[in-house]
Amino acid sequence: MNLLKWLKDLFLPHSRNNHKAKLLHPASLSIVVAIFLVGQFSLNFFTLVSPSVLGFASDITPEQVIELTNQRRMERGLSPLQLNNVLNEVAQRKAGDMFAFNYWAHTSPSGRDPWSFFQEVDYRYLYAGENLARDFMNSSSVVDAWMNSPSHRTNILNSHYQEIGLAVVDGTLNGVETTLVVQVFATPTPVPIAKKPATPKPSLGEASVTTAIKPVLVESALAQSTGEEVVTPSMLSPFMITKTLAVFLLGLFFGVLVLDAILVYRRKIIRLSSKNLAHLIFIGSLLLAILLTNVGAIL
(Lines give C-alpha, C1' and ligand atoms only; values in the text may rest on other atoms or scores of the structure.)
Protein backbone atom coordinates (compact mmCIF):
# COMPACT_ATOMS: atom_id res chain seq x y z
CA MET A 1 0.00 0.00 0.00
CA ASN A 2 2.77 2.43 0.88
CA LEU A 3 4.34 1.83 -2.53
CA LEU A 4 1.05 2.49 -4.29
CA LYS A 5 0.56 5.72 -2.33
CA TRP A 6 4.10 6.80 -3.16
CA LEU A 7 3.56 6.11 -6.86
CA LYS A 8 0.25 7.94 -6.78
CA ASP A 9 1.89 10.96 -5.15
CA LEU A 10 4.71 10.82 -7.68
CA PHE A 11 2.65 10.57 -10.86
CA LEU A 12 -0.93 11.73 -10.19
CA PRO A 13 -2.31 15.08 -8.99
CA HIS A 14 -4.47 14.91 -5.85
CA SER A 15 -4.94 16.63 -2.51
CA ARG A 16 -1.85 15.14 -0.79
CA ASN A 17 0.56 16.59 -3.36
CA ASN A 18 -1.23 19.93 -3.79
CA HIS A 19 -2.94 18.63 -6.94
CA LYS A 20 0.33 18.34 -8.83
CA ALA A 21 2.34 15.17 -9.38
CA LYS A 22 5.45 15.28 -7.22
CA LEU A 23 7.58 14.39 -10.22
CA LEU A 24 6.67 17.80 -11.67
CA HIS A 25 7.63 19.72 -8.52
CA PRO A 26 10.81 21.84 -8.91
CA ALA A 27 12.60 19.88 -6.17
CA SER A 28 11.93 16.55 -7.91
CA LEU A 29 13.01 17.94 -11.27
CA SER A 30 16.26 19.18 -9.72
CA ILE A 31 16.96 15.76 -8.22
CA VAL A 32 16.34 13.98 -11.54
CA VAL A 33 18.59 16.41 -13.43
CA ALA A 34 21.33 16.00 -10.80
CA ILE A 35 21.12 12.20 -10.99
CA PHE A 36 21.32 12.34 -14.80
CA LEU A 37 24.40 14.60 -14.72
CA VAL A 38 26.16 12.45 -12.11
CA GLY A 39 25.34 9.35 -14.13
CA GLN A 40 26.69 10.94 -17.30
CA PHE A 41 29.91 11.95 -15.55
CA SER A 42 30.31 8.44 -14.15
CA LEU A 43 29.69 6.93 -17.59
CA ASN A 44 32.35 9.13 -19.20
CA PHE A 45 34.82 8.28 -16.42
CA PHE A 46 34.12 4.55 -16.68
CA THR A 47 34.58 4.72 -20.46
CA LEU A 48 38.11 6.02 -19.94
CA VAL A 49 39.13 3.50 -17.25
CA SER A 50 37.42 0.49 -18.82
CA PRO A 51 37.22 0.97 -22.61
CA SER A 52 36.90 -2.79 -23.17
CA VAL A 53 33.43 -2.74 -21.61
CA LEU A 54 32.11 0.61 -22.75
CA GLY A 55 33.00 1.43 -26.30
CA PHE A 56 31.41 1.86 -29.67
CA ALA A 57 29.89 -1.22 -31.28
CA SER A 58 28.19 -1.18 -34.65
CA ASP A 59 26.67 -3.40 -37.27
CA ILE A 60 28.76 -2.33 -40.27
CA THR A 61 30.27 -4.64 -42.86
CA PRO A 62 32.42 -3.83 -45.91
CA GLU A 63 30.06 -5.85 -48.11
CA GLN A 64 27.04 -3.78 -47.08
CA VAL A 65 28.80 -0.45 -47.53
CA ILE A 66 29.99 -1.44 -51.02
CA GLU A 67 26.55 -2.75 -51.97
CA LEU A 68 24.85 0.45 -50.80
CA THR A 69 27.46 2.57 -52.57
CA ASN A 70 26.82 0.77 -55.84
CA GLN A 71 23.07 1.10 -55.35
CA ARG A 72 23.44 4.87 -55.12
CA ARG A 73 25.52 4.86 -58.31
CA MET A 74 23.14 2.66 -60.29
CA GLU A 75 20.16 4.78 -59.20
CA ARG A 76 21.84 7.60 -61.12
CA GLY A 77 22.73 5.54 -64.16
CA LEU A 78 26.37 4.96 -63.23
CA SER A 79 28.20 1.65 -63.51
CA PRO A 80 28.80 -0.25 -60.25
CA LEU A 81 32.33 -0.27 -58.87
CA GLN A 82 34.29 -3.53 -58.92
CA LEU A 83 35.81 -4.74 -55.67
CA ASN A 84 39.60 -4.87 -55.80
CA ASN A 85 41.49 -6.68 -53.03
CA VAL A 86 44.55 -4.50 -53.55
CA LEU A 87 42.39 -1.46 -52.80
CA ASN A 88 41.10 -3.29 -49.71
CA GLU A 89 44.73 -3.43 -48.59
CA VAL A 90 45.10 0.30 -49.26
CA ALA A 91 42.08 0.97 -47.03
CA GLN A 92 43.39 -1.37 -44.32
CA ARG A 93 46.76 0.36 -44.27
CA LYS A 94 45.19 3.80 -44.02
CA ALA A 95 43.02 2.72 -41.08
CA GLY A 96 46.00 1.08 -39.39
CA ASP A 97 48.08 4.22 -39.85
CA MET A 98 45.42 6.39 -38.20
CA PHE A 99 45.28 4.06 -35.20
CA ALA A 100 49.06 3.68 -35.01
CA PHE A 101 49.75 7.41 -35.06
CA ASN A 102 46.55 8.46 -33.28
CA TYR A 103 45.06 10.90 -35.78
CA TRP A 104 41.73 11.38 -37.52
CA ALA A 105 42.33 13.13 -40.82
CA HIS A 106 43.02 12.51 -44.48
CA THR A 107 46.62 13.59 -44.07
CA SER A 108 48.75 12.36 -41.17
CA PRO A 109 50.48 14.77 -38.75
CA SER A 110 53.73 13.93 -40.53
CA GLY A 111 52.28 15.11 -43.83
CA ARG A 112 51.63 11.68 -45.33
CA ASP A 113 48.75 11.91 -47.81
CA PRO A 114 46.27 9.15 -48.79
CA TRP A 115 47.99 8.48 -52.13
CA SER A 116 51.12 7.14 -50.44
CA PHE A 117 49.19 4.00 -49.46
CA PHE A 118 48.42 3.33 -53.14
CA GLN A 119 52.13 3.55 -53.86
CA GLU A 120 52.95 1.11 -51.03
CA VAL A 121 50.96 -1.67 -52.69
CA ASP A 122 52.11 -0.67 -56.20
CA TYR A 123 48.63 0.28 -57.38
CA ARG A 124 49.02 2.72 -60.26
CA TYR A 125 46.00 4.85 -60.89
CA LEU A 126 44.62 7.44 -63.24
CA TYR A 127 42.06 8.62 -60.69
CA ALA A 128 41.81 7.98 -56.96
CA GLY A 129 39.69 9.08 -54.03
CA GLU A 130 39.06 8.39 -50.36
CA ASN A 131 36.13 8.68 -47.95
CA LEU A 132 36.51 8.24 -44.18
CA ALA A 133 33.97 7.59 -41.44
CA ARG A 134 33.85 6.68 -37.76
CA ASP A 135 31.34 5.77 -35.05
CA PHE A 136 28.18 5.11 -37.04
CA MET A 137 25.69 2.47 -35.96
CA ASN A 138 25.17 0.67 -39.27
CA SER A 139 26.22 0.57 -42.90
CA SER A 140 23.26 2.54 -44.24
CA SER A 141 23.89 5.44 -41.85
CA VAL A 142 27.49 5.67 -43.10
CA VAL A 143 26.50 5.79 -46.77
CA ASP A 144 23.60 8.16 -46.05
CA ALA A 145 25.96 10.56 -44.25
CA TRP A 146 28.34 10.53 -47.20
CA MET A 147 25.49 11.06 -49.66
CA ASN A 148 24.21 14.02 -47.63
CA SER A 149 27.59 15.71 -47.96
CA PRO A 150 28.11 17.29 -51.41
CA SER A 151 31.86 16.66 -51.43
CA HIS A 152 31.62 13.03 -50.33
CA ARG A 153 28.68 12.38 -52.62
CA THR A 154 30.86 13.59 -55.50
CA ASN A 155 33.33 10.83 -54.67
CA ILE A 156 30.66 8.12 -54.61
CA LEU A 157 29.05 9.32 -57.85
CA ASN A 158 32.29 10.05 -59.71
CA SER A 159 32.01 8.48 -63.17
CA HIS A 160 35.81 8.28 -63.49
CA TYR A 161 36.09 5.57 -60.84
CA GLN A 162 35.97 1.88 -61.77
CA GLU A 163 37.14 0.03 -58.64
CA ILE A 164 36.58 0.22 -54.90
CA GLY A 165 38.20 -1.03 -51.71
CA LEU A 166 36.95 -0.84 -48.15
CA ALA A 167 38.06 -1.50 -44.58
CA VAL A 168 36.07 -1.40 -41.35
CA VAL A 169 38.58 -1.58 -38.52
CA ASP A 170 38.19 -1.47 -34.75
CA GLY A 171 40.76 0.12 -32.46
CA THR A 172 41.55 2.84 -29.94
CA LEU A 173 41.77 6.44 -31.12
CA ASN A 174 42.61 9.21 -28.67
CA GLY A 175 42.01 6.77 -25.82
CA VAL A 176 38.49 5.80 -26.96
CA GLU A 177 37.40 2.51 -28.52
CA THR A 178 36.04 3.27 -31.96
CA THR A 179 35.73 1.93 -35.49
CA LEU A 180 37.05 3.54 -38.61
CA VAL A 181 35.63 3.05 -42.08
CA VAL A 182 37.97 3.74 -44.98
CA GLN A 183 36.54 3.73 -48.49
CA VAL A 184 38.89 4.16 -51.47
CA PHE A 185 38.07 4.57 -55.14
CA ALA A 186 40.36 4.29 -58.15
CA THR A 187 40.76 3.64 -61.82
CA PRO A 188 43.94 1.73 -62.69
CA THR A 189 46.25 2.86 -65.43
CA PRO A 190 45.79 0.87 -68.65
CA VAL A 191 48.25 -1.92 -69.28
CA PRO A 192 50.51 -0.77 -72.11
CA ILE A 193 50.38 -2.80 -75.34
CA ALA A 194 53.67 -4.41 -76.21
CA LYS A 195 55.37 -2.86 -79.20
CA LYS A 196 58.31 -3.78 -81.35
CA PRO A 197 61.68 -2.55 -80.12
CA ALA A 198 62.27 1.00 -81.18
CA THR A 199 64.77 3.72 -80.67
CA PRO A 200 64.76 4.57 -76.92
CA LYS A 201 62.99 7.79 -76.07
CA PRO A 202 63.15 9.93 -72.93
CA SER A 203 60.95 8.51 -70.20
CA LEU A 204 57.98 10.50 -69.04
CA GLY A 205 58.36 8.91 -65.62
CA GLU A 206 55.42 8.07 -63.41
CA ALA A 207 53.76 11.46 -63.55
CA SER A 208 51.76 10.51 -66.61
CA VAL A 209 50.13 7.56 -64.84
CA THR A 210 49.63 8.89 -61.34
CA THR A 211 47.39 11.84 -62.04
CA ALA A 212 44.70 11.77 -59.35
CA ILE A 213 41.44 13.57 -58.96
CA LYS A 214 41.73 14.67 -55.38
CA PRO A 215 38.90 12.89 -53.61
CA VAL A 216 36.67 14.11 -50.94
CA LEU A 217 37.70 12.44 -47.72
CA VAL A 218 35.11 11.59 -45.17
CA GLU A 219 35.33 10.90 -41.50
CA SER A 220 32.57 10.07 -39.08
CA ALA A 221 31.83 8.25 -35.88
CA LEU A 222 31.54 4.52 -36.40
CA ALA A 223 31.59 1.11 -34.79
CA GLN A 224 33.84 -1.91 -34.86
CA SER A 225 34.73 -4.38 -37.47
CA THR A 226 37.68 -5.92 -39.25
CA GLY A 227 38.64 -5.73 -42.88
CA GLU A 228 36.88 -8.74 -44.40
CA GLU A 229 35.26 -10.39 -41.42
CA VAL A 230 33.12 -8.53 -38.92
CA VAL A 231 33.75 -9.21 -35.26
CA THR A 232 31.05 -8.04 -32.87
CA PRO A 233 32.56 -7.10 -29.51
CA SER A 234 30.72 -7.40 -26.24
CA MET A 235 30.58 -3.69 -25.60
CA LEU A 236 28.02 -1.07 -24.70
CA SER A 237 27.88 2.24 -26.52
CA PRO A 238 28.12 5.25 -24.14
CA PHE A 239 26.24 7.33 -26.69
CA MET A 240 23.35 4.87 -26.84
CA ILE A 241 23.24 4.56 -23.04
CA THR A 242 22.99 8.33 -22.70
CA LYS A 243 20.44 8.61 -25.50
CA THR A 244 18.28 5.80 -24.09
CA LEU A 245 18.32 7.29 -20.60
CA ALA A 246 17.50 10.78 -21.90
CA VAL A 247 14.63 9.46 -24.03
CA PHE A 248 13.30 7.47 -21.05
CA LEU A 249 13.36 10.44 -18.67
CA LEU A 250 11.91 12.93 -21.14
CA GLY A 251 9.28 10.40 -22.20
CA LEU A 252 8.38 9.87 -18.54
CA PHE A 253 7.99 13.59 -17.92
CA PHE A 254 6.03 14.01 -21.13
CA GLY A 255 3.65 11.20 -20.17
CA VAL A 256 3.15 12.58 -16.65
CA LEU A 257 2.45 16.05 -18.06
CA VAL A 258 -0.16 14.64 -20.46
CA LEU A 259 -1.81 12.66 -17.65
CA ASP A 260 -1.64 15.68 -15.36
CA ALA A 261 -3.28 17.92 -17.98
CA ILE A 262 -6.10 15.41 -18.54
CA LEU A 263 -6.85 14.97 -14.84
CA VAL A 264 -6.67 18.69 -14.12
CA TYR A 265 -9.11 19.38 -16.94
CA ARG A 266 -11.55 16.63 -15.94
CA ARG A 267 -11.50 17.55 -12.26
CA LYS A 268 -11.64 21.27 -13.05
CA ILE A 269 -8.66 21.95 -10.79
CA ILE A 270 -7.45 25.57 -10.82
CA ARG A 271 -3.69 26.00 -10.45
CA LEU A 272 -1.85 29.28 -10.80
CA SER A 273 1.39 27.44 -11.50
CA SER A 274 0.01 25.18 -14.20
CA LYS A 275 1.62 25.73 -17.63
CA ASN A 276 1.24 22.26 -19.02
CA LEU A 277 0.97 23.28 -22.66
CA ALA A 278 4.24 25.21 -22.61
CA HIS A 279 5.96 22.38 -20.74
CA LEU A 280 4.59 19.80 -23.17
CA ILE A 281 5.84 21.75 -26.18
CA PHE A 282 9.28 22.23 -24.63
CA ILE A 283 9.77 18.62 -23.51
CA GLY A 284 8.22 17.29 -26.71
CA SER A 285 10.70 19.33 -28.75
CA LEU A 286 13.64 18.04 -26.69
CA LEU A 287 12.41 14.47 -27.03
CA LEU A 288 12.06 14.79 -30.81
CA ALA A 289 15.52 16.35 -31.13
CA ILE A 290 17.13 13.52 -29.14
CA LEU A 291 15.29 10.84 -31.12
CA LEU A 292 16.54 12.38 -34.36
CA THR A 293 20.12 12.61 -33.09
CA ASN A 294 22.44 9.97 -34.47
CA VAL A 295 26.00 9.19 -33.56
CA GLY A 296 28.49 9.84 -36.30
CA ALA A 297 30.02 12.74 -38.14
CA ILE A 298 31.65 13.36 -41.47
CA LEU A 299 34.78 15.30 -42.27
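The model is predicted, so local features need pLDDT of at least 70 and side-chain atom pairs count only at pLDDT 80 or more, while totals for chains, interfaces and linings use all residues. Residues are numbered from 1 along each chain as its sequence is written, and side-chain values use heavy atoms, with hydrogens and water left out.

Rings of Phe, Tyr and Trp (its six-membered ring) were taken as a pair if their centres lie within 6.5 Å, with planes under 30 degrees apart counted as stacked, over 60 as edge-to-face and the rest as tilted. By this rule, the count comes to five aromatic pairs. One of them joins Trp-115 and Tyr-125 in a tilted arrangement, 6.4 Å centre to centre with 50° between the planes. Because Trp-115 lies in helix H5 (residues 115-120) and Tyr-125 in strand S2 (residues 125-134), this pair ties together parts that are 10 residues apart in sequence. Helices (H or I, at least four residues) and strands (E, at least two) are DSSP runs, numbered from the N terminus.

Burial is set by relative accessible area: under 20% is buried, over 50% exposed, and in between partly exposed (1.4 Å probe, protein chains only). Trp-115 counts as buried at 6%, and Tyr-125 does so at 4%. Phe-118 and Tyr-123 form an edge-to-face pair, 6.1 Å centre to centre with 65° between the planes, and both residues are buried. Trp-115, Phe-118, Tyr-123 and Tyr-125 form one aromatic cluster.

Charges over rings (NZ of Lys or CZ of Arg within 6 Å of the ring centre and within 35 degrees of the ring normal) complete the picture. The charged end of Arg-112 sits over the ring of Phe-117, 4.1 Å from its centre, and Arg-134 lies over the face of Trp-104, at 5.4 Å from the ring centre.
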